[in-house]
Amino acid sequence: MGLLDNLGLGDVLKGALGQVEAAALPALINGVLAKTQYQDLNGLVAALQSGGLGSQVQSWLGPGANLPITADQLKAVLGNAQVQEFANHLGLPVDQTMKVLAQYLPDIIDKASPNGILKPAA
């Protein structure tokens, strides 16, 4: 059990994420991305596509069901330094950060890309 779990913060974070409107999720992730080499969702999408996850990304951008992505796939594409940076900005352990991103990223990108075009960061 991690420190966040001991303090009950893991449940608080899960509750907070559950309450955040879908429209606010891209802004939350973009806020973290702005502090990294990716800059925004567009940069992250480009990295995921060039890292071999093009079919998953295309499913998020296009109509139909979103293909899932795993925490391990994200780690492999992002690399240890970027994964650690994400975790530090979110204030979460690396494994939990990757699980959250793997769970929510397909829907975040799907919602941020009406008609298959990813909106630029606001």
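Q: Why is Lys 111 called partly exposed?
A: Buried means under 20% relative accessible area and exposed over 50%, with partly exposed in between (1.4 Å probe, protein chains only), and because Lys 111 has a relative accessibility of 44%, it counts as partly exposed. This is a predicted model, in which local features need pLDDT of at least 70 and side-chain atom pairs count only at pLDDT 80 or more, whereas totals for chains, interfaces and linings use all residues. Residues are numbered from 1 along each chain as its sequence is written, and side-chain values use heavy atoms, with hydrogens and water left out.

Q: Which residues are in contact with Thr 97, leaving aside its neighbours within four places in sequence?
A: Contact means heavy atoms within 4.5 Å, and Thr 97 has such contacts with Phe 86, Ala 87, Leu 90 and Leu 92 once those neighbours are left aside.

Q: How do you know that the span of helix H6 agrees with its number of residues?
A: Helices are DSSP runs (H or I, at least four residues), as strands are (E, at least two), and they are numbered from the N terminus. The expected span is 1.5 Å times one less than the number of residues, so the 18 residues of H6 (residues 94-111) should span 26 Å, and the 25 Å between its end C-alpha atoms agrees with this.

Q: Where in H6 does a kink lie?
A: The bend at a residue is the angle between axes fitted to the seven residues ending there and the seven starting there, and in H6 a kink of about 45° lies at Tyr 104, shortly before the proline Pro 106.

Q: Why is H4 called oblique to H5?
A: The axes, which are lines fitted to C-alpha atoms over the stretch in contact, with angles running from 0 to 180 degrees between N-to-C directions, come within 10 Å for H4 (residues 41-61) and H5 (residues 71-90) and cross at roughly 130°. That angle makes H4 oblique to H5, because angles under 35 degrees count as roughly parallel, over 145 as roughly antiparallel, 65 to 115 as roughly perpendicular and the rest as oblique. Among the residues of H4 that meet H5 are Leu 44, Ala 47 and Gly 51, and the H5 side includes Leu 74 and Val 77.

Q: What makes H4 roughly perpendicular to H6?
A: The axes of H4 and H6 come within 12 Å and cross at roughly 95°, and that makes H4 roughly perpendicular to H6. The H4 residues that meet H6 include Leu 41, Val 45 and Trp 60, and those of H6 include Leu 105, Pro 106 and Asp 110. Trp 60 is also 8.5 Å from Lys 111, C-alpha to C-alpha, although these two are 51 residues apart in sequence.

Q: Why is the phi of Gln 39 worth a remark?
A: Most residues other than glycine have a negative phi. Gln 39, in the loop between helix H3 (25-33) and H4, has a phi near 75°, a positive value. Asn 115 also has a positive phi, near 60°.
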